[in-house]
Amino acid sequence: MPSLIAKYNVPGPRYTSYPTVPYWDLDTFSGKRWKETLKVSFDESNMEQGISVYIHLPFCESLCTFCGCHKRITKRHEVEEPYIKAVLREWRLYCDLFGSRPLVKELHLGGGTPTFFSSEHLEMLITGLFRCADRAEDYEFSFEGHPNNTTREHMQTLYDLGFRRVSFGIQDYSKSVQQAIHRIQPYGNVKNVTNWAREIGYTSVGHDLIYGLPFQHLSHVEASVVMTKSLMPDRIAFYSYAHVPWMKGSGQRGFKKSDLPSPEEKRHQYEWGRELLIKAGYEEIGMDHFALKSDSLYKALENGTIHRNFMGYTTSKTQLMIGLGVSSIGDSWYSFAQNVKSVEEYEHLVYNKIIPIYRGHILTHEDEIIRKHILNLMCRFRTTWEQEEQKFPELEHCLERLGEMDQDGLVEIRPSELIVTEKGKPFIRNICMAFDLRLQRKAPQTQLFSMTI
Ligand SMILES: C[S@@+](CC[C@H](N)C(=O)[O-])C[C@H]1O[C@@H](n2cnc3c(N)ncnc32)[C@H](O)[C@@H]1O
Ligand code: SF4
């Protein structure tokens, strides 16, 4: 195994979209085309599938020094109300554009820390949202909660508004790792929020764990998995620590690269954690994700509806996703667009009735074919090119690139199918990279992505 790790540990995307953000073609994109594709996508899919809405709530009271998310650290809670009002204004711009009431199938509050906001402000946000929209049948609303500041009131308010799924950031339970990442979070807090969620009636509680953190050892990962098991969350995200200190404002500081486990140790942490999770009754869903068989994500895997987008894995596909709030990315299926990252600029733009996007990408026909293969690999660990429309001129080259992985036992190449083996699953990002024609054509000049291991 060490030789495979040395061979395949390269910078690589996590494929929450194809093309990946650094490869967006900014020249062919315009706000006008974004709006046109949105309208087309809305008319095609709203009545049948409904739409997804992601809302980015960026504020956190304290900086966790491992964090790669887009956040703003502040203790000034006066920021809450103007921000919620700005998000509702942005939403109104989209509702006006659609011309008829959106049916919201999926709604996710991410961050930053959604539970930085008071229950009253979260209620104002959700009720405001449904002034110009309706809930689709079988709607699924979820949010990310911080175990240190999620109150029972938050949980009850959001439940009453229709939320049934929550995920909590845990990362690691050991004191030394928590100190290194500046995130002291006692087990008791996690136990409380998990129990409240169950008592109130949430049907899916998720815990996020990370391996590969500074000063983290195999014994810490083991202890964290054992403590997690004692609370039996329905889903577990077992993330590989993404070290991206070059990203502006990522806040990854306070430790050195040499404080991180080596690639071999990190892979060992993953393997051991995975084994313990499987022994505890969890199924591996896709990259980084595990779920109990009773959870809707496992059922989605079984019935083939599982999908992946900027929110990560989801139980079904909606063609249209609107991203609200700073830095959010929207996906019309034909194009992507990202919002500005500064809170001040965002609020200024929406108050002037301008959709606050600053960059995007219009998918080409080739992008659409490649996206399909990457989605198949990420969601099902296999893809096919049986049908003419699944083929593309460079397919042979892609398969040649996979030849070595075939020899290493990571994939099995059949006449019109590619299957990722059990051994290959940890290398799924590398396998997808073989299909990533934009990456193949133009190797990055500087490091853009975290390492694949
Ligand atoms: C927005 S945060 C979760 C909500 C809340 N802010 C909290 O910290 O509990 C989403 C999750 O992203 C994951 N995450 C953040 N930075 C990461 C990194 N550099 N590498 C891997 N996972 C990361 C963490 O597991 C975190 O719980
Ligand atoms: S991990 Fe969560 S609380 Fe910590 S800085 Fe990142 S978003 Fe904020």
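**Helix packing, ligand shells and backbone geometry**

Helix 3 and helix 4 are roughly parallel to each other, a label given to angles under 35 degrees. The structure is a predicted model, in which local features need pLDDT of at least 70 and side-chain atom pairs count only at pLDDT 80 or more, whereas totals for chains, interfaces and linings use all residues. Residues are numbered from 1 along each chain as its sequence is written, chains are lettered from A and ligands numbered from 1 in the order of writing, and side-chain values use heavy atoms, with hydrogens and water left out.

Helix 3 (residues 80-98) packs against helix 4 (residues 119-129) at an angle of about 10°, and the two axes are 10 Å apart; axes are lines fitted to C-alpha atoms over the stretch in contact, and angles run from 0 to 180 degrees between N-to-C directions. Helices (H or I, at least four residues) and strands (E, at least two) are DSSP runs numbered from the N terminus. On the side of helix 3, E80, E81, I84, K85, V87, L88 and W91 are in contact with H121, M124, L125, G128 and L129 of helix 4, contact meaning heavy atoms within 4.5 Å. These residues comprise seven nonpolar, two polar and three charged, where Ala, Val, Leu, Ile, Met, Phe, Trp, Tyr, Cys and Pro count as nonpolar, Asp, Glu, Lys and Arg as charged, and the others, Gly among them, as polar.

Around ligand 1 there are 21 residues, of which G112, Q171, R183, D208 and A242 come nearest; a residue is included if one of its heavy atoms lies within 4 Å. By class, this shell around ligand 1 holds eight nonpolar, 10 polar and three charged residues. Nitrogen atoms of ligand 1 lie 3.0 Å from a polar backbone atom of G68, 3.2 Å from a polar side-chain atom of T113 and 2.9 Å from a polar backbone atom of A242. Taken alone, ligand 1 exposes 570 Å², and the protein buries 90% of that, with accessible areas from the Shrake-Rupley method and a 1.4 Å probe. The shell around ligand 2 consists of C60, C64, F66, C67, G112, T113, H146 and R183.

Two cis peptide bonds may be described. One joins Y18 and P19, with omega about -5°, and P19 is placed in the loop between helix 1 (2-8) and helix 2 (31-49). Another runs from G111 to G112, with omega near 20°; G112 is found in the loop between strand 4 (103-111) and helix 4.

Notes: Angles under 35 degrees count as roughly parallel, over 145 as roughly antiparallel, 65 to 115 as roughly perpendicular and the rest as oblique. A polar contact is a pair of N or O atoms within 3.5 Å; within protein, one must be able to donate a hydrogen and the other to accept it, and residues adjacent in sequence count only if both atoms are side-chain atoms.
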